[in-house]
Each structure stands twice: as C-alpha cells, then as structure tokens.
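Subject: Structure for your review

Dear colleague,

Please find below the structure that I am handing over to you.

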Amino acid sequence: MSAVEEMSGQEGANQIADVVVRFAGDSGDGMQLTGSNFTEATALYGNDLATFPDFPAEIRAPAGATFGVSAFQIYFGSDEVSTAGDQVDVLIAMNPAALITNLKDLVPGGLVVVDVDAFTDKNMTRAGYKANPIEDGSLDAYRVLPIEITKQVLESVKPFGLSHKFAVRCKNMWTLGLVMWLFDRDRTVTIENLEKKFANKPDIAQANIAALNSGHAYGETAELPTGVEVYSVPKAEVPPGLYRNTTGTDALAYGLIAGGQLANLPITFASYPITPASSLLHTLSQQKQFNVVTFQAEDEIAAVCAAIGASFAGSLGITSSSGPGISLKGEAISLASATELPLVIVNTQRGGPSTGLPTKTEQSDLNQAMFGRHGDTMLPVISSSTSVDCFDVAIEACRLAVQFMTPVILLSDGYLANASEPWLVPDINDYEPFPVTFEDNAEGFTPANRDPETLARVWAKPGTPGLEHRIGGIEKSFETGDISYEPENHQKMTDVRKAKIDGIARYIPEQEVAMGEAKGKLAVVGWGSTYGAIHQAVKRCRRENLDVSHIHIRYLNPFPANLGDLLAGYDQVLIPEMNTGQLVNIIRSKYLIDAKPLNKVSGQPFKISEVEFAIKSLLEA
Amino acid sequence: MNAPLENLTAKDFSSDQEVRWCPGCGDYAILKTIQKTMPELGVAREKQVFVSGIGCSSRFPYYMNTYGFHTIHGRAPSVATGVKLSNPELDVWVVTGDGDGLSIGGNHMMHVLRRNVDLQLLLFNNEIYGLTKGQYSPTSKVGTKSPSTPDGSVDMPLRPCVFALGAGARFVARTIDTEAKHMGPVLKRAHAHRGTSFVEIYQNCPVYNDGIFDQIKEKKTAADTRLVLEHGKPLTFGAENEKGIRLNAQTLMLEVVTIGEDGVTEDDIVVHDETNKILAQMLAGLKLPDFPEPIGVLYCEATAPSYTDDVYQQRIVVKEQKGEPDLNALLRTGHTWTVS
Ligand SMILES: Cc1ncc(C[n+]2csc(CCOP(=O)(O)OP(=O)(O)O)c2C)c(N)n1
Ligand code: SF4
Ligand SMILES: [Mg+2]
C-alpha cells in the first residue's frame with residue numbers, strides 16, 4: 001500500500017497505514033544517526049517497523065561524491081512490517097549526490113525534502129547535474145520541499161558560538177526535527193540520546209537539540225505546500241509485552257551469550273575484523289562480565305584455530321567472519337569436524353566474489369557453507385531470517401555444536417546484521433537448557449567413545465585426571481581413537497561422521513509453513529534475510545485469493561525430515577535467493593523436483609514487488 | 001617453582017603409542033629428555049597439554065601421556081593460544097618444526113611471541129621438511145640440495161632465535177637434541193618463565209639432512225664451535241677456554257679473540273647478561289664458520305606480564321565494575337517500551 005495514494009487524501013484526516021522514509025546524505029552528514037533516532041522514536045510511538053541502513057564502502061568519501069552517499073531507510077506502519085519497503089514515499093536529500101542516487105526509488109508523487117544550500121554549482125557538477133534539478137522541472141513528478149536547511153541551522157545554533165564546521169554538522173538534527181514533526185514523533189528520546197552522546201561537550205549537545213527543535217518548529221510554522229502536513233500512522237497491533245529495537249548483530253551476540261549459558265559453558269570468541277562481521281566482535285567484547293573471552297586474532301585462520309583450541313580445553317569456541325574470511329577457515333573447520341569438537345562459525349555474508357561488495361548484502365555463501373571444504377567434511381548449516389531471529393538461531397547453533405560435537409555454520413548477512421526491528425524481548429528462563437556434561441570417569445574411557453543415540457563423541461577436557469588422551473586430524477580408530485590407516489576403519493569413520501550429521505534431522509523441529517496451506521498450487525521457499533520480502537509478497541497475493549504459501553527454511557543441513565514430503569504437496573516451488581541459485585540446486589538434486597529460481601545479486605535486498613511479480617507470473621503461466 | 005612429582009618417572013609420561021620416527025632421528029632423543037624432565041616440573045600430568053602442527057616433529061604429542069592435540073600445518077600456536085585462553089591453569093607446550101613454525105606458520109609464530117601467551121614453544125630445527133620427504137626449508141643453508149632445489153637453494157635462510165627476538169619474545173633459548181644434560185635445565189627455565197618461552201632445538205634428520213650440526217655436536221670440535229651461555233659468566237670457548245667474544249667498540253659488532261694474544265685479557269670478554277636484549281640479538285646471529293654457535297638461554301625478560309594474565313585481569317576488573325552478569329537484564333538495556 002503506498003502511503004502517497006493515501007497522503008493525497010483518500011483516507012482523509014491525514015491518516016496513513018504505512019510509509020517509507022529514506023534519509024540520504026554524505027557519509028559525513030550523520031544519516032545513520034538520524035535514522036536510528038527516528039527509528040527509536042517510531043518504535044516508542046508504537047508502529048511496527050523495519051530499517052535498512054545502506055552505507056558506502058569508503059569511510060570518508062570526498063564531500064558531495066555520489067559514491068559517498070550514505071542512506072538509512074525505514075518502513076513503518078500500523079500493520080505487520082517485515083521489510084524496509086520497496087519504494088520510498090519521503091526522501092530527504094541533503095545534497096545533489098544524495099538526490100541523484102536515490103530519486104529513482106521515490107514513488108511518483110512522493111515527497112522530497114532538499115537542502116537548497118547544498119545545491120552549489122560545485123556540488124551539482126560533482127553529482128553529475130548539468131542544471132539545477134530543483135529549478136529545471138526535472139522533479140515535476142514529485143512534490144518538492146526545497147528548504148535552506150544550512151542557513152536555518154546556522155541561525156538556530158548561533159547562540160552556542162560553535163565554529164562553522166561544528167555548526168553545520170547540526171544539519172541532520174534539524175532535518176530529523178522536521179521529519180519528526182511530519183509524522184508526529186516525540187523528540188524526548190532523541191534529546192536524551194544527544195545529551196548522553198555529547199555528555200562531555202554540553203554546548204554541542206545543546207546546539208544539536210536546538211537544531212532538532214528548530215526543524216520541528218519550522219514544520220509547525222512555515223507556510224508549506226498543501227499536502228505537507230502532519231500525518232498520523234496508527235499504532236500497529238502487536239502481541240503485548242516489553243519491546244526494544246535490535247539489530248541482527250546485537251540479537252546474535254546476545255544469542256551466543258545465551259547459548260553459552262544454556263550449555264553451562266564459558267565462551268571463547270575469536271575473530272578477525274571484516275565488514276560486515278566485525279560488529280559482532282565489538283559487541284561481545286563489551287560483555288566480558290558474562291563468561292566470554294574475546295580474542296582478536298592475527299588472521300581468520302588463527303581465529304578459528306584459537307576457537308578450536310578453546311573447545312578442546314572445555315569452552316565453547318566460536319569464530320565469526322564474512323565470506324573471504326570463511327574461505328581461510330576452511331582447513332581448520334575440517335579439523336574440528338575430524339576431531340569432533342564443538343565449534344560455531346558465524347558467516348555474516350556480503351556481496352562476492354573476493355572483496356566484492358563489502359558493505360552490501362548477499363546470500364551467496366550457501367554453497368561454501370555446504371560444500372566449501374576438503375574431504376567429505378559434513379556439518380550442520382543453519383540460517384537466520386530476521387534480525388530478531390538471530391537470537392534464537394545463535395542459541396540453536398550452540399546447541400547443535402555441543403550436543404553433536406561438531407562445527408556448525410550459522411549464516412547471517414549484511415542486511416540482517418545492520419537492520420533493526422522491534423523485538424518482543426524474550427525471557428531466557430523460557431529456553432530449555434542443554435547443559436554439557438564432561439566425561440570424568442576413567443573406567444573404559446577412550447576419546448573415541450560416542451553417545452549411541454546422537455553419535456556425539458565424548459568430551460573430556462584437559463585437567464581431568466586419568467583421561468589424558470591425544471586427538472588430531474589423522475584418521476582415528478573407531479574403537480580406540482588411536483591413529484588408524486586401516487581401509488575399513490576409514491570407511492566406517494566416514495560413515496559415522498555422515499550418520500551423525502544426517503541424524504541431526506531427528507533432533508530439529510519439522511518444517512512448518514510460515515503462511516498459507518501445507519499443500520497447493522505454489523510454495524515460495526526461502527532461507528535467510530529474504531524472509532520479509534517473501535512474506536509480504538505472499539501476503540499480498542493471498543489477499544487476492546491466489547493459492548500460494550510461504551515456507552522459510554532455517555535448517556539447511558540437514559533439512560527437516562518432512563521437507564521433501566511437504567514440498568511434494570505443491571504443484572510448483574519458487575525459490576527466491578540473493579545469489580545465482582544455490583538453494584534451488586540443492587533442493588532440485590535432493591528432492592528431484594522442478595523448483596524454479598528467482599535470483600537477485602545487486603547487493604540490495606529483494607523488493608516485495610519483485611517476489612510478487614514472480615509469484616503471479618508462475619501462477620498465470 | 002612447583003615441587004617435583006616424586007612418585008612419577010619418565011615412563012609415566014610415555015604413552016602407549018608406538019613411536020614411528022626413522023631410526024636415528026633426533027626426535028627420539030628430544031622425546032626422551034622431555035619425558036624425563038616432566039616429573040621434575042611438578043605439574044600434574046592431566047594439566048599438561050602438548051599442541052603441535054604437522055611434520056615429523058609434530059607427531060610428538062602422540063607419544064606423551066598427557067593431553068595432546070595434533071592440529072594442522074603451522075597453526076599450533078593459534079590452537080594453543082585458544083587452549084590457554086580457555087583455561088589458563090593448563091600448562092601448554094607447542095611442538096613445531098622449522099617448516100611448520102617458520103614457513104606456513106610464520107605469522108602465528110610472530111604473533112604468539114609478540115603477545116606473550118604463557119606457553120612453551122619448542123621448535124625442532126632440522127633445516128629441512130622431513131615429513132614431505134626432504135624439501136628445503138626456511139632455515140636451510142643457501143645451497144641446500146633437495147628434491148625441490150636440485151641445483152641448490154638460493155634464498156636466504158632465517159635464524160629462528162633472531163626471528164623470535166625480532167618478534168618480541170621475552171624468553172629465547174637454544175639447545176641440542178642429543179644433549180640431555182643441557183636440554184633438561186633449559187626446558188625447566190622455559191617452563192618457569194611466565195609468557196612465551198621460545199626454545200630452538202638443533203635436531204638431526206639422518207634421512208634428509210644428516211649431519212648438519214655435527215661440527216657443533218661432536219666432541220672433537222664442540223669446544224671450538226659451541227658457545228655455552230651462562231648468565232653472569234664470560235663468553236669464552238675453546239678447549240682451554242682460551243677464546244672469547246669481545247665487543248668491538250668501533251664497529252659495534254662481536255668478534256672472536258684469543259685471551260693472551262694481542263693484549264687481550266679476560267676483562268675484554270663480554271659477560272653474558274640474559275636480560276640484555278641487544279646482546280641477545282647479537283648472539284642470536286652468530287654462526288659458523290665465523291663464530292661458535294651459542295647454546296643456552298640467550299634472553300630472558302622475566303618481568304613482562306603474560307597475555308593470558310592480562311586478559312583475565314581485565315575480565316576481573318570488568319566483572320567488578322558491572323557486577324553479577326544478568327542476561328535478562330542485558331536483553332532489556334537501551335530504550336524499551338511496553339505494549340499492553
Ligand atoms: C596445508 C598443508 N600444506 C602442506 C602440508 C604438507 N606438509 C606436511 S609437513 C610439511 C613440512 C614439515 O616440515 P617441518 O615443519 O620442518 O617438520 P619436520 O617434518 O622437518 O619435523 C609439509 C609441507 C600439509 N600437511 N598441510
Ligand atoms: S624424516 Fe627425518 S625428521 Fe622425519 S622422522 Fe625421519 S629422520 Fe626424523
Ligand atoms: Mg623440519
């Protein structure tokens with residue numbers, strides 16, 4: 001539902017169901033901060049929401065450059081919101097570069113707010129404009145609100161005596177104030193945030209607050225074009241309880257801590273910085289009071305090896321990276337598989353191959369997770385579908401690692417890591433603990449002993465008297481754990497390792513249908529962060545009485561035991577992925593069904609309309 | 001120093017696995033000396049962990065009746081760092097080779113030394129890749145003929161002790177595979193040191209690089225080819241201790257002199273000071289044929305804190321500041337709101 005249709009008065013009383021706002025400016029303009037403050041105010045207001053921060057790879061691009069544009073998009077509404085939205089209803093463009101790079105996403109008739117003071121000849125040339133777009137009619141399809149923002153800001157912060165450089169930096173807060181007026185948001189939390197952020201520089205805090213209030217006052221008092229007035233977006237109906245916003249990174253970090261607690265184990269988290277995975281290391285390194293040791297290793301190989309060493313010594317070893325770093329970890333992951341030690345490997349995927357698109361999202365490491373190692377290394381692979389879901393999936397990764405004594409790959413991605421959404425905060429006491437018991441009985445002990453049910457190898461940690469033993473990457477005797485080069489033994493050990501991983505299917509939930517019936521004309525099957533777009537697209541199609549269901553797979557290896565039968569119940573299966581078709585190939589080869597791919601690798605998440613179009617094309621064909 | 005484990009002997013540290021090095025391999029002698037030294041260290045067997053990479057030398061943990069982890073090529077320092085981070089009460093040993101530790105694992109070697117993780121790192125230097133059948137290694141002398149360098153290697157080798165000191169190691173020593181009497185005390189010193197103790201062991205590979213250390217090892221020549229380091233003692237050598245090492249004040253380099261010749265007296269001879277890093281660096285670079293090769297403790301900086309100590313100290317401070325951890329409270333940090 002486009003907000004603009006409704007903004008033009010159909011529902012009257014300036015009430016709209018949902019709206020997409022995008023803040024865009026130079027990477028130095030503070031757009032991410034603006035967006036996160038608006039998000040917080042919106043969550044407190046009671047709308048459901050989803051966000052999409054989209055920033056450039058360059059840390060400090062030259063001012064005014066198109067490749068330095070940083071944007072933050074938020075979709076909020078009164079109904080369930082699960083993507084950051086397709087088309088933008090309100091675009092805030094702080095300079096010509098931000099306008100030229102973002103205008104294509106603005107819905108016709110949408111509102112664009114521009115800082116005319118930033119439309120200097122130099123900036124316009126740099127952005128690629130031959131003439132001033134505000135004046136030459138090229139924005140005629142939209143409603144334009146040209147404001148001398150810089151001038152307004154300088155005026156409003158004058159009393160604080162800041163240098164020009166610092167004064168201009170308050171521009172983002174002025175703009176935020178205006179947008180908060182437009183959607184009737186409360187400024188209190190933003191003011192508190194500013195006071196906290198600039199606690200040591202009270203004049204900067206006060207200047208920013210003045211700019212925020214001045215932007216708000218401008219909305220209230222200035223003569224604005226008709227249609228630009230306060231809109232109300234009714235509160236969403238969501239389950240009762242205590243809420244907060246979370247990014248995927250935070251939820252994942254907390255989930256790992258929770259996993260350690262539920263396993264009753266200390267955590268050793270070893271990592272090497274890489275975008276967009278680093279923030280997990282940052283977040284966990286602030287939580288030392290939990291039994292967490294974080295280690296910034298010299299490279300990804302050292303990181304995974306330190307995690308493996310920690311698991312050998314009786315902690316839960318966890319490592320984290322993005323695709324290129326996961327490649328480096330491959331050999332060591334196979335060591336963890338061969339020695340049957342628990343290990344969690346988090347891959348926050350980004351655009352590839354090679355350095356690819358470090359700050360953009362993609363799901364192109366599924367093949368790597370499933371197959372990217374030497375010598376029949378099998379391991380469980382699970383994925384998170386939303387920022388909030390990262391919490392539960394992290395706990396699940398820890399559970400599988402310790403219950404089955406195996407490395408586990410958890411696939412997240414850059415979108416989930418950075419995007420935030422409201423979270424009905426869980427109570428850790430509601431989660432089933434899975435405490436680890438270490439072997440301490442020397443009677444009949446060999447390091448090859450296994451649980452007859454799960455086939456998990458025994459875990460005996462150094463420091464335990466009488467259980468001194470050696471493990472390693474060389475093939476081991478099934479009976480004793482000693483080195484063995486026997487042909488039959490290698491066959492047997494390979495079979496056991498495979499049976500152990502395959503058997504995990506008995507210890508995970510059956511595949512459910514996220515929306516729709518358990519059989520029918522079409523199932524749209526997804527994994528990972530495509531959840532929101534698929535969900536909304538299926539919802540729209542079902543409103544039009546189309547026979548389509550949504551299935552979202554968390555457990556990618558092994559698949560839930562019922563998945564094959566479930567998929568067989570649909571005439572057609574469509575698999576949207578942000579890669580060239582990785583899950584679709586696995587599903588086709590495993591279940592021998594003619595699943596159809598829908599692929600997008602632009603570094604941007606799917607739009608709802610893209611999935612919707614694919615559904616309709618298939619159903620109409 | 002812990003009291004020795006009186007009821008244990010070398011045999012108690014020997015595992016039930018058949019040792020499978022080539023006959024005459026220097027690794028046997030090293031194994032024997034380490035097994036013999038272990039009871040004297042006074043640390044319970046179950047607290048000892050041997051971590052190795054890949055190579056003939058890295059088979060070592062299988063033969064020790066302690067905890068052991070035979071990992072992957074070059075990465076033992078990283079795995080060992082994880083072991084120690086997880087449980088600082090364990091006594092961790094890394095066994096590596098010249099290829100394992102200085103070629104594929106050179107980066108990890110540098111960083112474990114720089115960080116000063118509390119462990120003992122034993123580098124068996126046979127100047128060759130034994131396990132892969134004799135290719136030259138980063139410590140092979142120029143001109144080494146091997147399957148991959150049939151016309152002789154041309155690249156410069158590195159000196160492990162020079163590398164270790166360059167990387168910031170706080171304990172650097174060198175010893176010889178068959179010299180149990182020398183190796184035992186060096187191992188004890190290494191063990192007593194808090195932080196990473198780096199010990200290079202000259203190890204003979206009779207199959208692929210036989211005899212490279214013979215000049216230093218053989219009785220006939222040893223007096224002239226070996227410089228036995230003892231803290232506080234002058235750096236003399238030779239059958240009658242008639243030769244010594246002097247610092248040339250003009251060139252700032254060490255030189256060999258003979259006492260009683262050209263007016264040289266005992267007072268001219270450098271006295272070994274294992275806390276002097278500059279001296280250690282000069283000694284680490286001495287090599288045949290121009291100099292005798294030093295064995296013993298080149299450098300020991302006892303005061304530096306170990307990485308693992310600091311990591312845990314930091315955690316104690318944070319725990320004091322933040323109080324009892326409460327996950328439910330953590331989940332509820334930041335702005336929250338209630339929907340009723
Ligand atoms: C990733 C990887 N690359 C190569 C090898 C093959 N490899 C095993 S041991 C070794 C060299 C060992 O030399 P060194 O560390 O000097 O040990 P030594 O056998 O001489 O004791 C090589 C190249 C391997 N096991 N793994
Ligand atoms: S190849 Fe050399 S180093 Fe390896 S076991 Fe044989 S003798 Fe020892
Ligand atoms: Mg070697």
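Predicted model: local features only at pLDDT ≥ 70, side-chain atom pairs only at ≥ 80, totals over all residues.

Chain B overall

Chain B contains 11 helices and 12 strands. Its C-alpha atoms occupy a box of roughly 95 × 50 × 45 Å along the principal axes. Of the 340 residues in chain B, 55% are buried. Among contacts in chain B with a separation of 6 or more, 65% are between residues 24 or more positions apart.

Helix α1 of chain B

Helix α1 of chain B runs over residues 26-41, 16 residues in total. From the first C-alpha to the last, α1(B) reaches 23 Å, close to the expected 22 Å. Its buried residues include B:Ile30, B:Leu31, B:Ile34, B:Met38 and B:Leu41. Just after the helix, B:Gly42 adopts a positive phi of about 75°.

What links α1(B) to α6(B) through side chains? B:Glu40 and B:Lys188 form a salt bridge, with their closest N and O atoms 2.5 Å apart. Since B:Glu40 belongs to helix α1 and B:Lys188 to helix α6 of chain B, the pair ties together parts 148 residues apart in sequence. B:Lys188 is partly exposed at a relative accessible area of 27%, and B:Glu40 is likewise partly exposed at 32%.

The ligands

The magnesium ion (ligand 3) has three protein donors in chain B: B:Asp98 (OD), B:Asn126 (OD1) and B:Ile128 (O), which lie 2.1 to 2.2 Å from the ion. Along the chain, the donors follow the spacing D-x27-N-x1-I. Of these, B:Asp98 lies in helix α3 (residues 98-104) and B:Ile128 in the loop between β4 and α5 (160-166) of chain B, so that distant parts of the chain, 30 residues apart, are linked. B:Asp98 and B:Ile128 are both buried.

Ligand 2 has B:Asn126 among the residues around it, as well as B:Trp21, B:Gln203, B:Pro206, B:Val207 and B:Tyr208. Four cysteines, B:Cys22, B:Cys25, B:Cys56 and B:Cys205, complete the list. By class, this shell has eight nonpolar residues, two polar ones and no charged ones.

Other salt bridges

Over all chains, the count comes to 36 salt bridges. In chain A, A:Lys607 and A:Asp105 meet at 3.8 Å, N to O. A:Lys607 lies in the loop between β20 (596-599) and α21 (608-620), and A:Asp105 in the loop between α3 (96-102) and β5 (106-115), so this pair ties together parts 502 residues apart in sequence. A:Lys607 is partly exposed at 26% relative accessibility, whereas A:Asp105 is buried at 14%.

In chain B, the side chains of B:Glu200 and B:Arg174 meet in a salt bridge at 3.0 Å, N to O. The partners sit in strand β6 and strand β5 (residues 171-176) respectively, so the pair joins parts 26 residues apart in sequence. Both B:Glu200 and B:Arg174 are buried. Salt bridges with shared partners also join A:Asp79, A:Glu80, A:Lys539 and A:Arg543 into one network.

With kind regards

Key
Residues numbered from 1 in each chain as written. Chains lettered and ligands numbered in written order. Heavy atoms only, no water. Helix = DSSP H or I, 4+ residues; strand = E, 2+ residues; numbered from the N terminus. Expected span 1.5 Å × (residues − 1). Buried < 20%, exposed > 50% of the residue type's maximum accessible area, 1.4 Å probe, protein only. Donors = N, O, S within 2.8 Å, 3.2 Å for Na, K, Ca; no water. Salt bridge = Lys/Arg side-chain N within 4 Å of Asp/Glu carboxyl O. Near = heavy atom within 4 Å. Nonpolar A, V, L, I, M, F, W, Y, C, P; charged D, E, K, R; others polar. Contact = heavy atoms within 4.5 Å.
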